Amino acid sequence: MVQLPHFLTVSALLFAAGVFAVVTRRNAVALLMGVELMLNAANLNFAAFSRFSHNSLDGQIFAMLSIVTAAAEVAVALAIVLNIYRNIETIDADQAGDLRG
Amino acid sequence: METTITTYALILALPLVAFVVQVFFGKRLPRGGDWLVIGAICIDLLLSLRVFFGALFFSSFAGTPFVWNLRGWLGDAGTGVLALSTGILVDNVTAMMLVVVTSCSTLIFLFSTGYMAGHRRYSLFFAYLSLFAFSMLLLVLGNNLIALFMGWELVGLSSYLLIGFLFEEPVVAPDIVPASACKKAFITNRIGDTGFLLGILTLFSFTGKIAYGDVFEAVRNGAFGDHTTLLTVAGILLFCGAMAKSAQFPLHVWLPDAMAGPTPVSALIHAATMVAAGVYMVARLYPLFTPDALTFIAYVGAFTALFGATIALVMNDIKRVLAYSTISQLGYMVFGLGVGAYSAGLFHLMTHAFFKALLFLAAGSVIHAMHRAYHYAGLEWNPRSRENDAQDMRNMDGLRKAMPVTFATTAVAVLAISGVPFTSGFLSKDMILGGAFAFGFVENPQHFLIPVFGFAAAVLTAFYMARLLIMTFLGTNRMAERGQEALRESPWNMTVPLVLLAVLCGWFWYNPDPTTIFAKGWVSSFLTPPASAVPQTLVAAPADAHHAAHVAAMLVSLSCAGAGFFAAWMLGRRGAISLEHWRLSGSRVYYLLANKYYVDELYNRTVVAGMVQVSRILGWFDKVLVDGVVNATGRFQTGLSELSGFVDRYGVDGLVNALAGFVRDTGNEVRQIQTGRIQNYVVYATVGLIVLIVVTGM
Amino acid sequence: MSNILSWLTFLPLVGMAAILVIPTRLRKSTGLIRYVALGTTLGCFALAAWLFFAFDRSSSAMQFVENADWIPYFSIRYTLGVDGLSILMVLLTQIIGLVGVIASWNITKAVKGYFALYLLLQTGMTGVFCALDFVLFYVFWEVMLLPMYFLIGIWGGPRKEYAAIKFFLYTLLGSVLMLLAILALYLNMQAPSFSITAMADPANFRADGWLVRNMPTWFFGLTPKELVWLAFFVGFAIKIPAFPFHTWLPDAHVEAPTAISVILAGILLKMGTYGILRVNFPILPAETVHFATFIAVIAVINIVYGALCAMAQKDLKSLVAYSSISHMGYVMLGMVSWRNEAGLNGAVLQMFNHGTITAMLFLLVGVVYDRAHHRRIDGFGGLWAKAPVFSSLFVVASMAALGLPGLSGFISELLVFMGAFASHRVFAVIASSGIVLGAAYLLWTIQRVFMGPLNQAYAEKDAMPEISPREIASVVPLMAIVIVLGVYPAPALNLIGPTLGSLLQTMQSAAGAAILP
């Protein structure tokens, strides 16, 4: 029987993979993918906690909201990445240091 | 015959006015203004003669001297020191001094018109002479110690100026430099004057008075109380002034050098008048001297009389002989006063003034002629060498024929100074020696040396004066042919004073009796010793004792003069007695005398060198030590400020800087974390999260 | 003329303002500046002459007193006045000031600044002698110090900076001590006041003040009053200058321009002795009595030591400077001689006479320096033949300095000795050697400079020109005073007599039994 800890474990693994991607990759697109992984780990948690705690659909609704927001975020982020690429011919995040203090 | 202050004011003012006019306008006046000075002194002479004859024939000062006071001289304040006044006092002594000073001055001023003719500072010379006459008259006329001291110093000034009159000459005689001779005279006199001043101060501090009469009165009334020793000291201190001014041993050294002045100056100041001021001072303050002080004075005078005479024996410079003779004769006057022969001392002052002035003027006349002859012969006058020295008697000889007037008058003076009867010198010297005889042989046998010195000096005097006459005028002249042609008698304005002075050397002016046995002459009654103010005074010897002593003394002194003349005659007959042989024999005594007992050398090596050395050391001390301390303090201060600057910069300020640096460095280190890389931040966040989890978990 | 003293004090300041507004671009500005300075000092001189005649000679009190509030909060008042002690000094200041302007005629460097400072200096000097309030006194004391510093430091000789700073620091040290002493007195007054005259009355001091009460003598066994006395004394002794505080003097003199040397010797030195007589004597008489022997010892050292040092000098100016030290010794010796009035009168007269005589000597040394551009005594010789008028003036000045009768120096020295011999016999006897030494160094100098064969360096026709009329004009007024007072000293002695008489009484009553034999 699949219980809550199994969901949480998968979610933690997903989150760890996301963090790993964000920390290690320099490619801006890969970074975004890492962020998506972490978000989805969170979504999974929402759904899982909702299912096993008090049988309402609150968690799922929050997950839906989060997925939509993430979509919008990705759209904006990709536009920024595209513009960065136009300006400095690369999407290596380390190279985009113009705003560095 | 009453006199008024106008007379004395005129006597004082005329030479002073002449001096002032001469200084400012002398050069522009016709004849350099000599007539002005001579005119002033002539009027002075006439006024003085009036005063003198008034005193002599009408006894105008009998008992009550003429006194006039200028009140409020120091100030109007009623009491004490500021109430001191100055003024004029005239009595018989003053009257005599007035005549001596003005008559010598008149004749010598006249002589100077010939002697100084053509000198570039002719008018200035007369200005100085006039200044001298004024100062001397002030000295004589003053009625108080301060006025006496003022005149005293002022004659010193005129003496200084006149000795240094030929200041640009490197030397005027073998070893006389005018520029240093005048300084020497002034400073030596200053030493004596300091003593004199201290004497005055001693008297003033005990009596609170300065006028002669007041001081005598106060002393007589016991102002000194039991301090009679101090009165003796005061007397000796006062006499210090006389020792310098009247060239008594050991302060005589300036007088021979003073011969650097032109000869009329030597005659007037350094023979006839100024040097006698010391004698005048002792006579004027006579009531103040205690018996001890007088004995001291007598010894100094007697020793000086002999001392000067011995040196005069071997001198070859004609003026030097006369200078030492003056020292010796002044010694006579001084010991005359010292042994109580008051009138004799003053009498000798007067007679000496005339015959010594005459001797100097005659010497001047000779030197003048010699100069002219050398000049005419084309010989270079060189005072450094013995050859061609116009003042060296060895170059003279036989001037008798060329200069008969000078010769005759000199002969008279030589007789007078040697004390030959029928001359003035006989009368005065005899009185002194008589007094000394009575004092030393009759009354105070323990002081026998005083008359012995006196008589010994008399022998020597006769000898060296005769030697001077012989070497100068007798024999044959050894000057070159051409020079001899030029040797001739001096002009009238030089010979007239000689003749007049020679006339004044006659006995008849002073006493109708040339032997003084039968008549005493006017002098002893005119110049009576004043009553002493000292408590225990000299006991005057009874008159007959003096009379007896007098006759004995006269006989001894006559034989002395005879012995001296005989010796000189032997000298004249060359070979019998020869100073030259004495010199060549290398006699120590001769060289001792020729070097004047090495007194100058002694002073130069001790006093003078010592003073200069001390001043150098102190100058160094001041510059290096005293100022060094100041500079060291300054350097210490700057050092201290540098140190504190160091501490401030590296200590106090360093701490502040260190704090700032720490903050800055920490910031530098910490900001390394802020990479701007999102990944790093995520790592930090993750690690933080883990740490948080672990910590909370634990 | 009720404000005569203010006029006298501040007229130079007006002159200074006038000089400062003269534009230097003006074609004849130099001449104009000089004449303004001359006019100002002439005006002061005229006022001084009026003062001389208007002064009441029978009174010992302060005269021409001006008294006004200045800083009421501290009871500081503007008080001026003269009495017999200061009148001679005020007159001397105006005379020397006038003479100094004439002697400064040949200054060409920064004429405007020079004369402006010069006049400021004169204000300060006159003020010091007139001020009767300690604060005013102190202000004038400092006002005089500053221009002096610049006058030496800018217009001086090769080592001018050294000399100026030495002078300045030395005097400043003195002023500081003086200020402390002034405050000590002020703090012990019953009613707060800085008045010098009020302080002379012991009743005005608080009976319970630490100054009057017997305090523990923790400092070398000296009471507080004695410390105050010493502070004043050192402040003034530096100015005199008394041994061993004298070494600023030769340096300052040697480097200062002629006119400034004249003022320095003529007036500034007098401030020291004036201060002692004005402050130490009346305010702290008992302490003065206590230290009288000490002053006498310093006086004798000054006289003998100064004379011997003078003899060793090679530079004419430093010779005259050391002779000043020697002569100021007579002033000190005279002022502690209280047996009779001769000492004090002699001391004050000597202050005046030394001012005129030494001023003359410095002027004449300046004359020879202008011609030869050096002052080495051995570098001359035989100048009398070349410049007889100059030489005669120098000889007369030297004679005055060595105390020849008939010239004023003699009278004052004689009075000093008359006083000193009665009060300090041994010291007087030692000091009398100064008479001989004085003659020795001056005559030796005359011999080396003026007598003997002419130095070949000056043999050429225009090598040593005769003294000029302007230079004669600067010397002759002083010489006239010296001769007049030498022959007839009463005019000066009458001025000072009454005041010194009452001062003498103060001292005699303070000395009490100690003074009687």
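Helices are taken here as DSSP runs of H or I with at least four residues, and strands as runs of E with at least two, numbered from the N terminus. On this basis, chain A of the predicted model contains three helices and zero strands. Read along the sequence, the elements of chain A follow the pattern α-α-α. The C-alpha atoms of chain A fill a box of roughly 50 × 25 × 25 Å along the principal axes. The radius of gyration of chain A is 17 Å, whereas a compact globule of 101 residues would have a value near 13 Å. Buried residues account for 16% of the 101 residues of chain A. Among contacts in chain A with a separation of 6 or more, 47% involve residues 24 or more positions apart.

Chain B comprises 698 residues, of which 53% are buried. Its secondary structure consists of 25 helices and two strands. The C-alpha trace of chain B spans about 160 × 70 × 55 Å along its principal axes. Of the contacts in chain B between residues at least 6 apart in sequence, 80% join residues at least 24 apart.

Within chain B, one helix pair was examined in detail. Helix α3 (residues 92-115) of chain B and helix α19 (residues 492-503) of chain B have axes that come within 7 Å and cross at roughly 150 degrees. Because angles over 145 degrees count as roughly antiparallel, α3(B) and α19(B) are roughly antiparallel to each other. The crossing of these two helices, α3(B) and α19(B), is left-handed. On the side of α3(B), the contact is made by B:Leu107, B:Ile108, B:Leu110, B:Phe111, B:Thr113, B:Gly114 and B:Tyr115. The residues contributed by α19(B) are B:Asn493, B:Met494, B:Val496, B:Pro497, B:Leu500 and B:Leu501. By class, the contact of α3(B) with α19(B) has 10 nonpolar and three polar residues, with no charged residues.

Contacts between chains were considered next. Two pairs of chains touch, and the most contacts are found between chains B and C. Chain A and chain C are joined by no contact, and their closest C-alpha atoms lie 58 Å apart. The contact between chain A and chain B takes eight residues from chain A and seven residues from chain B. The side of chain A that touches chain B has four nonpolar, two polar and two charged residues.

The contact between chains B and C takes 42 residues from chain B and 45 residues from chain C. On the side of chain C that touches chain B, the elements giving two or more residues are α12 (292-312), α14 (342-372), α15 (383-386), α17 (408-423), α18 (425-431), α19 (433-450) and α21 (490-511) of chain C. Of these elements, α19(C) gives the most to this side, with seven residues. By class, the side of chain C that touches chain B has 32 nonpolar residues, 12 polar residues and one charged residue.

Conventions. Residues are numbered from 1 along each chain as its sequence is written. Chains are lettered from A and ligands numbered from 1 in the order in which they are written. This is a predicted model: local features need pLDDT of at least 70, side-chain atom pairs count only at pLDDT 80 or more; totals for chains, interfaces and linings use all residues. Ala, Val, Leu, Ile, Met, Phe, Trp, Tyr, Cys and Pro count as nonpolar, Asp, Glu, Lys and Arg as charged, and the others, Gly among them, as polar. Axes are lines fitted to C-alpha atoms, for helices over the stretch in contact, and angles run from 0 to 180 degrees between N-to-C directions. Angles under 35 degrees count as roughly parallel, over 145 as roughly antiparallel, 65 to 115 as roughly perpendicular and the rest as oblique. A crossing is left-handed if the near helix is turned anticlockwise from the far one by less than a right angle, and right-handed if clockwise. A residue is buried if 20 or more other C-beta atoms lie within 10 Å of its own, exposed if 12 or fewer, and partly exposed in between; C-beta atoms are placed from the backbone. The radius of gyration is taken over C-alpha atoms; the globule rule is 2.2 Å times the number of residues to the power 0.38.
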